[in-house]
Amino acid sequence: MLAELQKLAVLEFRGVGVDDNVLLKLSDQSRSAAVQVLDSDQYLIITRENMLRLMQEAKRNTTGARGCIEGACHIETAENIGADLVVSGTVVELDGTWVASMKLHDVSSAKLLAMEKIAAQTQVALLGEIEQGTRRLLESLVWDNAVWVSFSSKPRTQLSVNGRELCAQ
C-alpha cells in the first residue's frame with residue numbers, strides 16, 4: 001500500500017501597489033521551487049488550476065486568498081481544497097525596497113511552521129529571489145541532512161549553501 005501524499009498549496013501572493021502579473025509570477029515561481037525541493041514520493045503540489053477547480057467545487061469565492069488578512073483564511077482556503085500544508089505570501093514596498101514575506105502553515109493545527117522574508121530593490125529583482133526564499137521556507141520539510149549549494153556568476157559571482165550567501169565577488 002502506498003503512503004498518502006502530503007498536499008501542499010501555494011496560494012496566490014497578494015500585495016498592495018504590486019502588479020497582478022508580478023504576484024502571479026511570484027506564486028508560480030514559488031510553486032516551481034516547491035516541486036524542485038520536495039520529494040514527489042511524499043508531497044503533491046497543488047497547481048493553481050486545481051486550486052481554482054477545487055474552490056469552485058467547494059462553492060467558495062476563487063479570489064478569496066487575495067482578501068485574506070493574517071493566516072486564518074489561508075488555513076480555511078487550504079482546508080477547502082484538501083491541502084495539508086499551505087504557503088502564503090505578501091508583498092509590500094517599504095522605503096523603496098520590495099519585501100516579500102512568506103509563511104508555511106500546517107493546515108490541521110494552523111501551526112506556523114516557518115517564515116521567510118526576501119527583499120529587493122525592484123519587483124523584477126524580487127522575482128529572481130523567490131526561488132531561494134521558497135527553498136529556505138521549505139527546509140523544515142526535507143531531510144535534516146539536505147544541503148543546497150548554488151553558484152551564480154551573474155550579475156556577480158556568488159556561492160550559497162542552503163540559500164545563505166557564503167561569499168561573493
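Exposure, packing and cores in the model

Biologist: What makes Ala110 count as partly exposed?

Modeller: Ala110 has a relative accessible area of 42% in this predicted model. Buried would need under 20% and exposed over 50%, so 42% leaves Ala110 partly exposed. The residue is found in the loop between strand 5 and strand 6, and has a positive phi of about 65° without being a glycine.

Biologist: Why is Asp95 called exposed?

Modeller: The relative accessibility of Asp95 is 84%. The cut-off for exposed is over 50%, therefore Asp95 counts as exposed. Asp95 lies in the loop between strand 4 and strand 5. Its phi is positive too, about 50°, although Asp95 is not a glycine.

Biologist: What describes the packing of helix 1 against helix 4?

Modeller: Two packed helices are described by the angle between their axes and the distance between those axes. For helix 1 (residues 20-37) and helix 4 (residues 123-138), the axes come within 9 Å and cross at roughly 35°. The crossing of helix 1 past helix 4 is right-handed.

Biologist: Which residues meet there, and of what class?

Modeller: Residues of helix 1 in this contact include Val22, Leu26, Ala33 and Val37, and those of helix 4 include Leu126, Ile130 and Leu138. By class, the contact of helix 1 with helix 4 has 9 nonpolar, 5 polar and 3 charged residues.

Biologist: What makes Leu8, Leu38, Val91 and Leu104 stand out in the largest nonpolar core?

Modeller: Of the 29 residues in that core, Leu8, Leu38, Val91 and Leu104 touch the most other members. Elements that give two or more residues to this core include strand 1 (6-10), strand 4 (85-94), helix 1 and helix 4. Leaving aside residues up to four places away in sequence, Val91 touches several residues, among them Phe13, Leu23, Leu26, Trp98 and Leu126.

Biologist: Which residues belong to the other core?

Modeller: That core lies apart from the largest one and has 11 residues, among them Ile46, Ile75, Ile81 and Val107.

Methods: Residues numbered from 1 in each chain as written. Predicted model: local features only at pLDDT ≥ 70, side-chain atom pairs only at ≥ 80, totals over all residues. Heavy atoms only, no water. Axes fitted to C-alpha atoms, helices over the stretch in contact; angles between N-to-C directions. Helix = DSSP H or I, 4+ residues; strand = E, 2+ residues; numbered from the N terminus. Left-handed = near helix turned anticlockwise from the far one by under 90°. Contact = heavy atoms within 4.5 Å. Nonpolar A, V, L, I, M, F, W, Y, C, P; charged D, E, K, R; others polar. Core = buried A, V, L, I, M, F, W, Y, C linked by side-chain atoms within 4.5 Å. Buried < 20%, exposed > 50% of the residue type's maximum accessible area, 1.4 Å probe, protein only.
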